[in-house]
Amino acid sequence: MWSWGLFTEPYYAVFPIDHRFRSRKTVQLVDLCKEPLIVHQAPCDTRRRIKEQMDSLGYKPNIISEVAFGDFIFGAVMAGMGITIVPEISAKHIDHQQLFALPIIDFGKKRSISLATKNAKLGLKLYQFLAKHANEKI
């Protein structure tokens with residue numbers, strides 16, 4: 001197995017548009033520990049990290065709903081059921097919805113995205129393709 005790290009990204013909290021944190025620029029994890037939380041169903045790396053990070057502060061996540069993977073999580077937040085925590089790449093694409101996202105400044109470890117293939121030859125070809133087209137919209 002061959003792998004190559006592509007990028008890392010921080011985590012963001014996503015809120016309904018009328019949430020009391022609307023005027024903030026950032027948020028700390030402790031601010032989120034008692035908020036009603038909507039997460040993806042297990043197994044999910046983000047869900048696991050949320051639990052680990054909140055446990056490290058002495059809190060148990062206030063999970064009020066578990067949803068299947070996909071955009072369903074944003075619909076639940078838009079409906080006012082609670083908030084969620086997602087990687088930056090997901091948070092940056094919610095502008096068209098009645099939501100807003102804030103970076104969590106102390107979430108801890110960032111998410112790592114890697115390219116993995118069966119062998120180095122294939123991996124290098126795929127990496128070169130991705131690097132060539134990184135700034136294009138595919």
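This is a predicted model: local features need pLDDT of at least 70, side-chain atom pairs count only at pLDDT 80 or more; totals for chains, interfaces and linings use all residues.
Is arginine 111 buried, partly exposed or exposed? Arginine 111 comes out as partly exposed, at 23% relative accessibility, where buried means under 20% relative accessible area, exposed over 50%, and partly exposed anything in between (1.4 Å probe, protein chains only). Residues are numbered from 1 along each chain as its sequence is written, and side-chain values use heavy atoms, with hydrogens and water left out.Arginine 111 pairs up with glutamate 9 in a salt bridge, their closest N and O atoms lying 2.6 Å apart; the term stands for a side-chain nitrogen of Lys or Arg within 4 Å of a carboxyl oxygen of Asp or Glu. The two partners sit 102 residues apart, arginine 111 in strand β7 and glutamate 9 in strand β1. Helices (H or I, at least four residues) and strands (E, at least two) are DSSP runs, numbered from the N terminus. Glutamate 9, for its part, is buried, with a relative accessible area of 2%.

In total, the structure holds 7 salt bridges. Another of them joins the side chains of arginine 47 and glutamate 66, at 2.9 Å from N to O. Arginine 47 belongs to helix α2 and glutamate 66 to strand β4 (residues 63-67), so this pair ties together parts 19 residues apart in sequence. Glutamate 66 is partly exposed, at 43% relative accessibility.

Asp45, Arg48 and Glu52 are linked in a salt-bridge network.

On a 1 Å grid over the protein atoms alone, a pocket is an open set of points with protein on both sides within 12 Å along at least five of seven lines, whereas a cavity is a set where a 1.4 Å probe fits but cannot get out; lining residues have an atom within 4 Å of a point. Of the 25 lining residues, His40, Thr46, Val86, Pro87 and Ser90 are the closest to the centre of the pocket. At least two lining residues come from each of β3 (37-40), α2 (45-56), α3 (72-78), β5 (84-87) and β7 (111-117). Helix α2 has the largest share, with 5 residues. Sorted by class, the lining has 12 nonpolar, 8 polar and 5 charged residues; Ala, Val, Leu, Ile, Met, Phe, Trp, Tyr, Cys and Pro count as nonpolar, Asp, Glu, Lys and Arg as charged, and the others, Gly among them, as polar.

On the surface, Trp4, Leu6, Phe7, Ile89, Phe129 and Leu130 make up a nonpolar patch with about 530 Å² of accessible area together. Patch members have over 30% relative accessible area and no salt bridge, with nonpolar side chains (Val, Leu, Ile, Met, Phe, Trp, Tyr) joined within 5 Å and like charges within 9 Å. Areas come from the Shrake-Rupley method with a 1.4 Å probe, and for residues only the protein chains shown count as cover. β1 (2-9) and α5 (120-132) each supply at least two of the patch residues, and β1 gives the most, with 3. Tryptophan 4 lies in strand β1 and is partly exposed, with a relative accessible area of 42%.
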